[in-house]
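Try each task before you read its solution.

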Amino acid sequence: MAVLETELKTYEENREKLLAEAEGKYVLIHGEDVLGVYESQMDAISAGYENLGEVPFLTKQILRVDEPIEFHPGLLGF
Amino acid sequence: MPSYVVQNPNLQRTGPVVNLDVGIGATAEALRKTANVALPAPIPVEAMIDTGASVSVIQSGLPLQLGLTPIGVATISTASSAKFRCPQYAMRLLFANQVVFEATLVAAPLQGHRVQLLIGRDLLTQGVFVYMGCGNTFSLSF
């Protein structure tokens, strides 16, 4: 399974609700559970470690449009 | 403001490269200390300052060497490739001049083995980077 696929699916399922309530903030998701919304990604990461321990979890900014990160060709080995 | 000044007669060929260490982030470190779990030693890397990168990227595999688990996902695209989903990790960057950054790094394959970290504009927002090609010199201040 691709990295954090379940969490990304959970984000998509809750996207409209999150946009309505907390656009621009950061959400913490583990599995199918939305665990909280935070002002910064570091706050969401800290909450993830403190509540879940060292397991994979998703922190993500709640945005209407998710733009990919663009890189100039060169060092990336894709 | 702590500063590096690097003079390299091969600057055009090598690019602006600095040596630093990468380790686990502060929250994971605190968690491991509480659980009496041994902390991994930071890993020395060569890092290239890349003003073309909006975020900082670490070589795939290094976060796993530190036992880290992903805390996010980034979608990356380049002009020559399709879009790829890459994991993100909370890590600490330790520069030689006592400058320490807690950063979220995207893990992706970097070509070759020399450079293991790209310092992107997310970190450069916190400093001053000056590239003086005519003198084969660059400086980085935080």
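**Exercise 1.** Find how many aromatic pairs the whole structure holds over all chains.

*Solution.* The model is predicted. A search over all chains turns up five aromatic pairs. One aromatic pair joins F95(B) and F101(B).

**Exercise 2.** Classify the pair of F95(B) and F101(B) from its geometry.

*Solution.* Start with the distance: the centres are 6.0 Å apart. Pairing requires centres within 6.5 Å. Next take the angle between the planes, 80°. Angles over 60 degrees count as edge-to-face. The pair is edge-to-face.

**Exercise 3.** Decide how the rings of F101(B) and F142(B) are arranged, and where the two residues sit in the chain.

*Solution.* The ring centres lie 4.7 Å apart. The planes meet at 70°, so this pair is edge-to-face. Now locate the partners. F101(B) belongs to strand β7 (residues 100-108) of chain B. F142(B) lies in the segment after β10 (137-141) of chain B.

**Exercise 4.** Are F95(B), F101(B) and F142(B) buried or exposed?

*Solution.* Buried means under 20% relative accessible area. F95(B) has 5%, so F95(B) is buried. F101(B) has 8% and is buried. F142(B) has 11% and is buried. Ring pairs link these residues, F95(B), F101(B) and F142(B), into a cluster.

**Exercise 5.** Which residue lies over the face of Y11(A)?

*Solution.* Turn to chain A. K60(A) lies over that face, 4.7 Å from the ring centre.

How values were computed. Residues are numbered from 1 along each chain as its sequence is written. Chains are lettered from A and ligands numbered from 1 in the order in which they are written. This is a predicted model: local features need pLDDT of at least 70, side-chain atom pairs count only at pLDDT 80 or more; totals for chains, interfaces and linings use all residues. Side-chain values use heavy atoms; hydrogens and water are left out. Rings of Phe, Tyr and Trp (its six-membered ring) pair if their centres lie within 6.5 Å; planes under 30 degrees apart count as stacked, over 60 as edge-to-face and the rest as tilted. Buried means under 20% relative accessible area, exposed over 50%, partly exposed in between (1.4 Å probe, protein chains only). Helices (H or I, at least four residues) and strands (E, at least two) are DSSP runs, numbered from the N terminus. A charge sits over a ring if NZ of Lys or CZ of Arg is within 6 Å of the ring centre and within 35 degrees of the ring normal.
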